[in-house]
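Hello,

Here is the structure you are taking over. My notes on its aromatic rings follow below.

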Amino acid sequence: MPLFVGNGRAPYKLFWELRYQEYEAIEGCLAGPNGNGNYNCGGGTGHRGITGYEWKTHSSGGEIPPSAVANLPAARMADINNDGTPDAYWDTNLTLQRMDDAGSISNPQYQRSWNWGGIIYWAVREGQGQIGWPGQ
């Protein structure tokens, strides 16, 4: 039984997101002049001021390119668009999943997976060979 031993890898990108809430003042138009006697809203009948407080959601995020990671080994940098600049990371810890004849991995009769820490072992029990080209 022939056995293939090799390595597999798949590129991936890394993103971050931070979501948080802050208790913030709500400004609105209040009737009458402000403390200096000025009107600045309501068609000259009111002034802007704090009408209440509420929790407001904020978020920030983005992509973390390989160039932003200090001391990242070159073997972990993937250039997926072949422009000479690494724009993704290599994942070498792959899991192989068995699929049925329809290409599905969700069929309970075929649900199997294997992971050997990035090394792929593939044995071939049966095979077919052909001498010449089809139609000859």
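Which residues do ring pairs link into a cluster? They are Tyr 23, Tyr 53 and Trp 55.

Before the details, some ground rules. This is a predicted model, in which local features need pLDDT of at least 70 and side-chain atom pairs count only at pLDDT 80 or more, while totals for chains, interfaces and linings use all residues. Residues are numbered from 1 along each chain as its sequence is written, and side-chain values use heavy atoms, with hydrogens and water left out.

Rings of Phe, Tyr and Trp (its six-membered ring) pair if their centres lie within 6.5 Å; planes under 30 degrees apart count as stacked, over 60 as edge-to-face and the rest as tilted. By this rule there are three aromatic pairs. Tyr 12 and Tyr 89 are stacked, because their ring centres are 5.5 Å apart and their planes are at 25 degrees. Tyr 12 belongs to strand S2 (residues 10-12) and Tyr 89 to strand S6 (residues 88-91), so this pair ties together parts 77 residues apart in sequence. Strands (E, at least two residues) are DSSP runs, numbered from the N terminus.

Buried means under 20% relative accessible area, exposed over 50%, and partly exposed in between (1.4 Å probe, protein chains only). Tyr 89 is buried at 5%, whereas Tyr 12 is partly exposed at 37%.

Tyr 23 and Tyr 53 are also stacked, at 5.7 Å centre to centre with 15 degrees between the planes. Tyr 23 lies in strand S3 (residues 15-31) and Tyr 53 in strand S4 (residues 46-63), 30 residues apart.

Regards

Note on methods: Helix = DSSP H or I, 4+ residues; strand = E, 2+ residues; numbered from the N terminus.
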